[in-house]
Amino acid sequence: MIKGQAPSNIALIKYMGKIEGTGNKPTNASLSYTLPHLVTEVHLHEIDGDQDQWAPLELKGFAAPELSEKGRSKFLGHFERLKQAWGLSGHYRIESANNFPSDCGLASSASSFAALTQAAAHLREQKTGVRTSPEELSVLSRKGSGSSCRSFFAPWALWENEGAEAVDLGYPDLLHAAVVISAGVKEVSSSDAHVRVTSSPRFEGRVDRAHQRLRDLTSALKERNWSESYRLCRDEFIDMHELFETSAVPFKYRTKESSDVTDACQHIWNHKGDGPLVTMDAGPNVHLLFRADQRELADKMIEHFRKKHMTFTSWRGLK
Ligand code: PMV
């Protein structure tokens, strides 16, 4: 049996919009923070059959995702691509599970596809003795799910074109929590969102805006300007959600509860001149990143949100 494991990541400059027919090459560069406490594990078992299969992985502390038919075939298709790229033969039962509840509304495609890529690379090494570099893993994983290409580097990953790379922007020990507003299945998948945003009048200029913000955020983080980093991350997720909400057939992930949480964060910033970085992906949940020295504030905020919402928290260094 061969194992692979990979973490999830949260983008602060978002990948939204891809260049058609390029295997998920993005229209703009993105920057993410790796979340080593949220992982997917994949096990590969060689089987006699004539096709690969997917099955839930049973592992203590892990829960298998509910994979739709489409999700399953995307996952198996990615494995086939990896086998072809590396000249691997045979058929396998692919088992996978996440160490975070798969029904809690947090994206798991980044960690799932990265873990499958990692497992296939271990298979390659076992069969051929060839090791695969993180850079090559990133380029191949991107073809399965764009955001997964950033999961091979930590703590920061920058993805501009073919694959991601590590960048040093400091803050190696940020604390992460996600306020879970809804655990439901999204009406519009992120794959559809990538296509639909291009019909928004606001898509014109989006690439320039994202790149300018990436430059500004990179400088702010390097200069340890936390409040400017907060402002830029906020502008960025709002920009992405405005694209969704102004596309030709508009769609919306933000809810009243999401806004209550982001407004509460703004309120804290206004009062204290300090607070967490705040961002949202293609969903209603709100991600918070705190500096290591903000633990007390983090605990207070989590407690506050826990009273109102189901809160999923997971801290680096704590289980
Ligand atoms: O990897 P995908 O196709 O599921 O895209 C996810 C895109 C966002 O999560 C919304 C943003 C990002 O950069 O991760």
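Student: What makes α6 and α7 count as roughly antiparallel to each other?

Tutor: In this predicted model, the axes of α6 and helix α7, which spans residues 256-272, cross at roughly 160° and come within 12 Å. Angles over 145 degrees count as roughly antiparallel, and therefore α6 and α7 are described in that way. The crossing in which α6 passes α7 is left-handed.

Student: Which residues of α6 and α7 meet?

Tutor: From α6 come Trp226, Ser227, Tyr230, Arg234 and Phe237, and these meet Thr262, Cys265, Gln266 and Trp269 of α7. Sorted by class, the contact of α6 with α7 has five nonpolar, three polar and one charged residues.

Student: Why are α5 and α6 also described by a direction, and what is it?

Tutor: Helix α5 (residues 206-222) packs with helix α6 (residues 226-245) at an angle of about 160°, and their axes lie 9 Å apart. With the cut-off for roughly antiparallel set at over 145 degrees, α5 and α6 are therefore roughly antiparallel to each other. The crossing of α5 and α6 is left-handed.

Student: What residues make the contact between α5 and α6?

Tutor: On the α5 side the contact is made by Arg206, Arg209, Ala210, Arg213, Asp216, Leu217, Ala220 and Leu221, while α6 contributes Glu228, Ser229, Leu232, Cys233, Asp235, Glu236, Asp239 and Leu243. By class, the contact of α5 with α6 has eight charged, seven nonpolar and one polar residues.

Student: How do you know that Cys233 is in no disulfide?

Tutor: A disulfide is a covalent bond between the sulfur atoms of two cysteines. The cut-off for such a pair is a separation within 2.5 Å, whereas the cysteine sulfur nearest to that of Cys233, belonging to Cys265, is 12 Å away. Seen from the other residue, the sulfur of Cys265 has its closest cysteine sulfur in Cys233, at 12 Å, which is too far for a bond. The structure accordingly holds zero disulfides.

Student: What makes Cys233 and Cys265 count as buried?

Tutor: Buried means under 20% relative accessible area. Cys233 has a relative accessible area of 0% and is therefore buried, and Cys265, with a relative accessible area of 0%, is buried as well.

Student: Why is His78 called buried?

Tutor: His78 is found in helix α1, which covers residues 69-85. Its relative accessibility is 0%, and since the limit for buried is under 20%, His78 counts as buried. Leaving aside residues up to four places away in sequence, His78 touches Phe113, Leu116, Thr117, Leu140, Ser141, Lys143 and Gly144.

Key
Residues are numbered from 1 along each chain as its sequence is written. This is a predicted model: local features need pLDDT of at least 70, side-chain atom pairs count only at pLDDT 80 or more; totals for chains, interfaces and linings use all residues. Side-chain values use heavy atoms; hydrogens and water are left out. Buried means under 20% relative accessible area, exposed over 50%, partly exposed in between (1.4 Å probe, protein chains only). Axes are lines fitted to C-alpha atoms, for helices over the stretch in contact, and angles run from 0 to 180 degrees between N-to-C directions. Helices (H or I, at least four residues) and strands (E, at least two) are DSSP runs, numbered from the N terminus. Angles under 35 degrees count as roughly parallel, over 145 as roughly antiparallel, 65 to 115 as roughly perpendicular and the rest as oblique. A crossing is left-handed if the near helix is turned anticlockwise from the far one by less than a right angle, and right-handed if clockwise. Contact means heavy atoms within 4.5 Å. Ala, Val, Leu, Ile, Met, Phe, Trp, Tyr, Cys and Pro count as nonpolar, Asp, Glu, Lys and Arg as charged, and the others, Gly among them, as polar.
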